[in-house]
Amino acid sequence: MATTTMTMAKALNEGLRRAMENDPKVLLMGEDIGKLGGVFRITDGLQKDFGQDRVIDTPLAESAIVGTAVGLAIRGYRTVCEMQFDGFVFPAFDQIVSQVAKLHKRSDGIYTMGLVIRLPFQGGIGAIEHHSESPEAYFAHTPGLRVVSCSTPNDAYWMIQQAIESDDPIIFCEPKSRYWEKGEVDLENPPRGLYDAVVRREGSDVTLVGYGSSVKTMVRAAESVEAEGVSLEVIDLRSIAPIDFSTLVASLQKTGRLVVVQEAPRSVSVGSEIVAELTERCFYSLRAPGVRVAGYHVPYPPARIEEDYRPTVERILDAVDRVMGYES
Amino acid sequence: MIDEELVQLLTPEGERVAHPDYASTLSGEQILSMYRDMVIVRRLCNESTSLQRQGQLALWAPIQGQEGAQIGAGRALAPMDFTFPTYREHGIAWCRGVPPENLLRLFRAVSNGGWDPQKYRHHLPTIVLGNQVLNAVGYAMGIQRDGADEAVLTFFGDGASSQGDVLEGFVWASSFNAPIVFFCQNNQFGISTPSSTQSKVPLFRRARGFGFPGVRVDGNDMLACYEVTKAALENARAGGGPTMIEAYTYRMGAHTTSDDPTRYRVDAEVEVWKHRDPIERIKSLLVREYQTNPTAFDAISEEAEAFALKLRDDVLAMGRPDPLSMFDDAYAEPHPLVEEGRREMAELLAHGSVV
């Protein structure tokens, strides 16, 4: 098994490279992605190797990045659009929900909207305003779109390739605070399907569910209470839309307790959907109500106080205490 | 008349005028054939308005007055060119060969599309103003990458000219030298909003600021619309980059069947434009210059009537879609929520629980 250690940023870069090598119809489009390699260097070196026609430095207009990718999709291209930051995707929101999400349906399946919109999301890098947001629920709510998020370099390498191969449009959420963390990447075998959740750590008392940056925080929470005899199961959702509920149901039938972790505000969120759906599906297995550990219902705060906003190990363990406190 | 820079090859009276940059290349036979197109499309429009009034269509967006712009531009296309319309490009759809009954599927609300856009090389109508312009530019960028001898013709109105997507499309087309022609029908109104609210300068002059030529053409002069569009498409195919065409015209009817133009414009203005009718001026030319026999016009009128009757029959024959069809093609690949919805509805239908 050929494995190698690399950062998530490098794994995404290698994944994009391999997708471009495999399919000449794959294009990359975004702001500063060519010579600069993107502000996070995810596309570093790709324009040099694949040329300006395939790695396109665009004028600064997000609606146009996505809007022209739609036209390229109609022409048979698969464009990977880079949104420079989460907070800059909104000019493209119209094209995403009005055209990207609908044209396959409107054309009775004639058009294939096989484009990927890469979105560095979530906080934790000490950035200024509009650079740390978690807009995934807007897209997860929209029929016609799929939303996924990687949490490890191995998933980053494979999921970006699977997303590009998909005939459906995909919002690809990259936890920017994990870009520089290293992990093992298996260059030969994809770990699993793009829409499958995975149990990152087995446990029996409480099921923790999250995605993106929250996965590592959940694992640390589980590790921190292991010695006390509290057994937390950690599930990496990977796909936010659709959600792999079968994996969640199997876990909850075992633990009976649910804590969902996300950076996005709690109300009307991915976590809300998970709690609602699992309450319906696992009612008789539940030993406590599902609890959400999430961002607060305020605009994302200045970075000096962002760690008071983002879910921490302490807040997760507090929620674990709460769900463990119910008599069953 | 309206602007000294206006390209006009035929006066409202049907008399030819010379222009330094453009000359009419159409034969009498071609002009008669395009006259027929205009008459049929106007009849289509009238019939559709009637169908809406009778409750058979949910909505209709009329094009009376804009037939010259659309048939002129539509007949200038080469077969492999691709068009990106708004919801008012019925004349373009006609020129592209989209079956008229398919065009009405959207307006009867039995479909959100209506035809195979790849087959007719005519995109589905875009209702969100200006979105299609960016989609069109992207398609043109694909043509460039394929090295194909093709061009894109995209449409929008004076109202949509204020949309960011249209202006971003200008920037991109210019920066990438995309093979595209922007065809703006300035019909003077965005529902009730006059074009003077959209722009303080004539719209065609905007193009210069983006780095490509803009041409204002008499939108009620089919001959001029044809030549200007043909030249711009040829230039685009030859690598000359984008052109913006402003077809200066007038929406003789309402914005849609839900609109009441008497609330915001005066009859006198409409009367002025009646004398500039695109169909009448071509008819005058045909009579004067080609001595077209009255029986030829009668035959076209009869054909249009028969066409309208068939269209009506076709529309009335469009039944309610199978409710389960809403689950088809929502995604290209299987999706659990779609399948769950399909199962749930199938069960309800089987039990007669829904209409």
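Reader: Hi! To start with the contact between the chains, how many residues does it take from chain A and from chain B?

Author: Hello! Chain A gives 33 residues and chain B gives 32. Two residues are in contact here if their C-beta atoms, placed from the backbone, lie within 7 Å.

Reader: Which helix gives the most on the chain A side?

Author: That is α3(A), with 9 residues. Three helices of chain A each supply at least two residues to this side: α3 (62-74), α4 (93-100) and α5 (103-106). Helices (H or I, at least four residues) and strands (E, at least two) are DSSP runs, numbered from the N terminus.

Reader: And how does that side of chain A split by class?

Author: It has 11 nonpolar, 14 polar and 8 charged residues. Ala, Val, Leu, Ile, Met, Phe, Trp, Tyr, Cys and Pro count as nonpolar, Asp, Glu, Lys and Arg as charged, and the others, Gly among them, as polar.

Reader: Before I go on, what kind of model is this, and what pLDDT do local features need?

Author: It is a predicted model, where local features need pLDDT of at least 70 and side-chain atom pairs count only at pLDDT 80 or more, while totals for chains, interfaces and linings use all residues. Residues are numbered from 1 along each chain as its sequence is written, and chains are lettered from A and ligands numbered from 1 in the order in which they are written.

Reader: Thanks. Now inside chain A: what are its domains?

Author: The assignment gives domain 1 (7-186) and domain 2 (198-324); such bounds come from an automatic or database domain assignment. The C-alpha centres of these two domains of chain A lie 26 Å apart. Their contact takes 24 residues from domain 1 of chain A and 20 residues from domain 2 of chain A.

Reader: Which element of domain 1 of chain A gives the most to the side that touches domain 2 of chain A?

Author: β6(A), with 4 residues. The elements with at least two residues each on that side are α6 (136-140), β6 (146-149) and β7 (170-175) of chain A.

Reader: I was looking at strand β11 of chain A. Why is it largely enclosed by the rest of the structure?

Author: All of it is covered: 5 of the 5 residues of β11(A) (residues 232-236) are buried, so the strand is largely enclosed. A residue is buried if 20 or more other C-beta atoms lie within 10 Å of its own, exposed if 12 or fewer, and partly exposed in between. On one side of β11(A) are A:Leu232, A:Val234 and A:Asp236, and on the other A:Glu233 and A:Ile235.

Reader: Which strand does it pair with in the parallel sense?

Author: β10(A) (residues 206-210), over 5 bridges. Two strands pair if DSSP finds at least two bridges between them. From β10(A) the chain passes through helix α8 (residues 214-226) of chain A to β11(A), in a right-handed β-α-β crossover. Right-handed means that, with the strands pointing away from the viewer, the path from the first strand over the helix to the second runs clockwise. There is also β9(A) (residues 198-201), which pairs with β11(A) in the antiparallel sense over 3 bridges.

Reader: What does A:Leu208 touch?

Author: Leaving out residues up to four places away in sequence, its contacts include A:Leu232, A:Val234, A:Val259 and A:Ile316. In the largest nonpolar core, of 188 residues, A:Leu208, A:Val259, B:Ile180 and B:Ile245 touch the most other members. A nonpolar core is a set of buried Ala, Val, Leu, Ile, Met, Phe, Trp, Tyr and Cys residues joined through C-beta atoms within 7 Å.

Reader: B:Ile180 sits in strand β3 of chain B, then. Is that strand's pairing with β2(B) parallel or antiparallel?

Author: Parallel, over 6 bridges, with β2(B) covering residues 152-157. B:Val152 stands opposite B:Ile180. β3(B) (residues 180-186) is mostly covered, with 7 of its 7 residues buried.
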